[in-house]
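Please look over the fold of this chain, its sheets, its core and its ligand shell. A short report accompanies the view.

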Amino acid sequence: MVSSDIFSDGYAPQYASLYINHPHWEPKLRHNAALLRALLHPLGNWLDTCCGQGWHLAQFPRQRRMGIDISAAQLERARQQNPGVPFIQADVVDYEFPDGQRFDLVSNFWSSYSYLNDEDAIRKLVQKLVRWTAPGGALYLELTEPEGLEGFNDNEFSAETGAKVALRSADEVLWQYQDVGGVHLMMSPPLEFFTDIIAPHFTRLDHSTMVRSVRQFVAWGKRPD
Ligand SMILES: C[S@@+](CC[C@H](N)C(=O)[O-])C[C@H]1O[C@@H](n2cnc3c(N)ncnc32)[C@H](O)[C@@H]1O
């Protein structure tokens, strides 16, 4: 299934209980919020791409911020959680800001790029996110690392909810995630894929991790074009 079919009115409430409010993910969400706090302190306007229900944006109510997502159901909840914040409903692959706007912080959480399920499309999206980052700004991607993905099926969350990962390629880059929303077809290139695209444009790269197979990747100090 493609993401626009999965993130429907029926799935959005379940998404919130499974991936925002479920205690299994709390360390990951808290870690993201702490990293965002460190980034946003010196930085100004923030664009969260594939923002879903806007949990990350809602942690910083005084920040100048904006979200973009393809799903009307996800954005309906994002608007409720973030009054007054502009949200764009669009496919991030196609979308361009009419005025060429750039942002001091651009983010993409929870491996949302993986839904593109195509290496060339992911490369073009990452290049676009780099381009949308203003000089001096930061890019924050929450990556899925292909190694160890299969271990997901042994965790307590999988046992409790029935969510399962299945690999679709020997190198673990192609995979699928099955939960109450259906089968999510995903592609997660390795860390070097992102480093190769991003490193030339930034002065510093950081990595950290709180949950197996999920890596917080932050590029600081966008170089002038
Ligand atoms: C796993 S959810 C993550 C949501 C949010 N970033 C979070 O961390 O809770 C993936 C989100 O990506 C969005 N999405 C997937 N493909 C997209 C695309 N091509 N353009 C815009 N949004 C997309 C989905 O609608 C969904 O809200």
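The report below goes from the sheets to the core, the ligand shell and a few single residues.

## Basis

This is a predicted model: local features need pLDDT of at least 70, side-chain atom pairs count only at pLDDT 80 or more, and totals for chains, interfaces and linings use all residues. Residues are numbered from 1 along each chain as its sequence is written.

Helices (H or I, at least four residues) and strands (E, at least two) are DSSP runs, numbered from the N terminus. Two strands pair if DSSP finds at least two bridges between them. Axes are lines fitted to C-alpha atoms, for helices over the stretch in contact; angles run from 0 to 180 degrees between N-to-C directions.

## The seven-stranded sheet

Seven strands make an open sheet with mixed pairing, in the order β3-β2-β1-β4-β5-β10-β9. Its edges are β3 (87-89) and β9 (202-211); each has a single partner strand, so one side of each lacks a neighbour in the sheet. From one strand to the next, the twist averages 15°.

Several pairs are parallel. β1 joins strand β2 (residues 65-69) through four bridges, in parallel, and Trp 46 faces Arg 65 in β2. β1 also pairs with β4 in the parallel sense, over four bridges. There, Thr 49 stands opposite Asn 108 in β4. Strand β4 (residues 103-108) runs parallel to strand β5 (residues 133-144), with five bridges. Asn 108 stands opposite Leu 141 in β5.

Antiparallel pairing links β5 to β10 through six bridges. Here Tyr 140 has Val 218 in β10 as its bridge partner. β9 and β10 are antiparallel too, over seven bridges, and Ser 208 has Gln 216 in β10 as its bridge partner. These two strands, β9 and β10, form a hairpin with two residues between them.

## Helix α6 and strand β1

Helix α6 (residues 119-132) lies across β1 (46-49), β4 and β5. Its direction is about 145° to β5.

β1 is covered on both faces. Trp 46 and Asp 48 are buried on one side, Leu 47 and Thr 49 on the other. A residue is buried if 20 or more other C-beta atoms lie within 10 Å of its own, exposed if 12 or fewer, and partly exposed in between; C-beta atoms are placed from the backbone.

## The three-stranded sheet

A second open sheet has three strands, ordered β6-β7-β8, with antiparallel pairing. β6 (164-167) and β8 (182-187) are its edge strands, each pairing on one side only. The twist averages 25° from one strand to the next.

Four bridges connect β6 with strand β7 (residues 174-179), and the two run antiparallel. Val 165 stands opposite Tyr 177 in β7.

## Nonpolar cores

A nonpolar core is a set of buried Ala, Val, Leu, Ile, Met, Phe, Trp, Tyr and Cys residues joined through C-beta atoms within 7 Å. The largest has 38 residues; Leu 105, Val 106, Leu 125 and Leu 139 touch the most other members. Another core, of five residues, lies apart from it and includes Ile 6, Phe 7, Ala 12 and Tyr 19.

Contact means C-beta atoms, placed from the backbone, within 7 Å. Leaving aside residues up to four places away in sequence, Leu 105 touches Leu 39, Leu 40, Leu 43, Trp 46, Gly 137, Ala 138 and Tyr 140.

## Ligand shell

The shell around the ligand has 17 residues, and Ser 3, Cys 50, Gly 52, Ser 71 and Phe 109 come nearest. A residue is near a molecule if its C-beta atom, placed from the backbone, lies within 6 Å of it.

By type, the shell residues are 10 nonpolar, five polar and two charged. Ala, Val, Leu, Ile, Met, Phe, Trp, Tyr, Cys and Pro count as nonpolar, Asp, Glu, Lys and Arg as charged, and the others, Gly among them, as polar.

Most residues other than glycine have a negative phi. Ser 111 has a positive phi of about 55°. It lies in the loop between β4 and α6. Ser 111 is buried because it has 20 C-beta neighbours inside 10 Å. Ser 213, in the loop between β9 and β10 (214-222), has a positive phi of about 75°. It is buried, with 21 other C-beta atoms within 10 Å.

Ser 158 belongs to helix α7 (residues 156-161). With 16 C-beta neighbours inside 10 Å, Ser 158 counts as partly exposed. Ser 158 and Asp 179 are 21 residues apart along the chain, and their C-alpha atoms are separated by 9.3 Å.

Key: Two residues are in contact if their C-beta atoms, placed from the backbone, lie within 7 Å.
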